[in-house]
Amino acid sequence: MIDFEKLIVHPSGWLDGTGPEANMILSSRLRLARNIKGHAFVHHAKPEAVSETYQQIMNTAAECPSLKRVFTADVGEMAPLDRRLLVERHLISPDFERAQWKRGAVITEDEKIAIMINEEDHLRLQSIVSGFQMEEGWEALNKVDNELSARLHFAFSEKYGYLTACPTNVGTGMRVSVLIHLPALVLTKAIDETLKGITQIGLSVRGFYGEGTEVLGNLFQISNYATLGKTEHEVIETIRKVMLQLIGFESRACETLLKEAKTQIEDKIWRAYGILNNARLLTSNEFMSLSSALRLGISIGIINNIDLKSLNQLMILVQPAHIQKYLKHEMESSERDFFRANVVREHLIKTRKKASPRRKDD
Amino acid sequence: MNCESCGKHPATVHFTQIINNKKTLQNLCKACAEKRGFAGHVSPAAKGFGVENLVSKIANEYEEENNAVACGSCGLKYIEFKQSGRLGCGECYSAFEARLDDLLRKIHGSSHHIGKIPKDLEPAISENRQVETLRKEMRRAIEKEDFERAAYLRDQIKQREVKE
């Protein structure tokens, strides 16, 4: 079973603020869709068959060397708040949270590998790492995939590759998504044009929690759309190039802002700092937009007593289910706003770094 | 000549498209052409004979025939897939192959997997992929009239096929 008390206080590994380009790219996530040969896909299978698949995969996962130190859970038996908590940590999908059939999760203790059993496909394997490290993520994921496929026969055809319930995932079954913070492109109003360019080359842009969710705190998830006709490495390489371009665009927009509106930008950042350190009520959306300004402040060196890791941790800690689990009782959303403000103030004080002495020429 | 899309009806619509200086010619039957929005110009006289009606009737029948196709393994009907967007099992891909290829090309720009292969299937499949690459090279050599190279490639292909 998942020890939620332990999970709450333990920060997600993928948010530790490390890895290349971590001040702009929060995380790199990859997922593979797999199904077991000879079994009907989840939504077309009888309940007994779905349970059987569940058991078979759970047993197999227990044999895999990469999955020795894991939390496992029967997601259907979990309390709704606990399920929500896993969604907030990006370990399961919102669709999986809501599903009504027998389904399970296997999550490594460092949360870098998460497996959903009986999502839309029998298996959804995810690896998620901090910063811009898709290759590392792929390596870890490929290893787990190989270990599972040595023990289970996956539905595969020479022509179509890995067979999935929805033809949009067939082939590699791989979706790569990179979570990137683009405040300067939003402020300079260049974001729509930029994102339009991205969608034209076959990538898609989504909100913080994936498909169909809204953009919060200037965070965008960029992912591949096509899964057929390209190798895994080609997909990763395409995304890598696009992300490097995006980083370039964002940096230039940032330079422009600092050149033409330095005081306004500094004001925006310091106001966010002031509010987060002093507010008595904070909604989730307000927090996300203020934390974006703070993140910008950290990445351009204006704020130097908070580090990225602390801010990333906070971002998950103030989500509704986390607040309620952290404070150990369920609450209304207005009550949460009060506690959210408390948690933010306490966390910022607790993790405050000694500000590095300012240089004279600052 | 039969339609390039369905392969069943005679191709009556010839559609030439030039994108980036690349010319492609598609030969389609009336029903498939209409499905792709190539309405074509039918003379008023032809309309008078009710050709349009006849064609759309045939197209509908073809559509119904399509919808009724079911997967032999899980029983999912093609129309159920069209409604839900989800297939019933891995075998559905072969059951609906002819219909899926078009759809997959629209979604992914391709209908062939070239990515990872499960370990146990790898030796056989990567051999097939190599032969396929050689075939493509041979066709290119023939186009360039480099028959010496084409003959060499043909022998290479033969050798590999004998091994199988």
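Me: How are residues and chains labelled, and what confidence do local features need?
Reply: Residues are numbered from 1 along each chain as its sequence is written, and chains are lettered from A and ligands numbered from 1 in the order in which they are written. In this predicted model, local features need pLDDT of at least 70 and side-chain atom pairs count only at pLDDT 80 or more, while totals for chains, interfaces and linings use all residues.

Me: What is the confidence in chain A, and where is it lowest and highest?
Reply: The score is pLDDT, the predictor's confidence in each residue, from 0 to 100. Chain A has a mean of 90, and 93% of its residues reach 70 or more. Confidence in chain A is lowest in helix α1 (residues 4-9), at a mean of 66, and highest in strand β4 (residues 113-117), at 96. Helices (H or I, at least four residues) and strands (E, at least two) are DSSP runs, numbered from the N terminus. Two residues are in contact if their C-beta atoms, placed from the backbone, lie within 7 Å.

Me: Why is Asn66(B) called partly exposed?
Reply: A residue is buried if 20 or more other C-beta atoms (placed from the backbone) lie within 10 Å of its own, exposed if 12 or fewer, and partly exposed in between. Asn66(B) has 16 C-beta neighbours inside 10 Å, so it counts as partly exposed. Asn66(B) is found in helix α3 (residues 51-68) of chain B. Leaving out residues up to four places away in sequence, Asn66(B) touches Tyr78(B) and Arg99(B).

Me: How do you know that the span of helix α6 of chain B agrees with its number of residues?
Reply: The expected span of a helix is 1.5 Å times one less than its number of residues. Helix α6(B) (residues 97-108) has twelve residues and should span 16 Å; its end C-alpha atoms are 15 Å apart, which agrees. Just after α6(B), Gly109(B) takes a positive phi of about 80°.

Me: What puts the buried residues of α6(B) on the same side?
Reply: The buried residues are Leu100(B), Leu104(B), Ile107(B) and His108(B). They cover an arc of only 65° around the axis, which puts them on the same side of α6(B). The arc is that of the directions from the helix axis to the C-beta atoms. These buried residues pack against α5 (92-95) of chain B.

Me: Which residues of helix α2 of chain A are buried, and what do they pack against?
Reply: Helix α2(A) (residues 47-63) has 17 residues and reaches 25 Å from its first C-alpha to its last, close to the 24 Å expected. Its buried residues are Val50(A), Thr53(A), Tyr54(A), Ile57(A) and Ala61(A). They cover an arc of only 105° around the axis, which puts them on the same side of α2(A). They pack against β3 (104-108), β4 and β5 (123-130) of chain A. The face turned away from the buried side carries the exposed residues Glu48(A), Asn59(A), Ala62(A) and Glu63(A).

Me: What makes a set of residues a nonpolar core?
Reply: A nonpolar core is a set of buried Ala, Val, Leu, Ile, Met, Phe, Trp, Tyr and Cys residues joined through C-beta atoms within 7 Å. The largest has 92 residues, and those touching the most other members include Ile25(A), Ala105(A) and Ile239(A). Helix α8 (residues 232-260) of chain A gives the most to this core, with seven residues. A second, separate core of 21 residues includes Ile269(A) and Met315(A).

Me: How many residues does each chain bring to the contact between A and B?
Reply: Chain A brings 31 residues and chain B brings 27.
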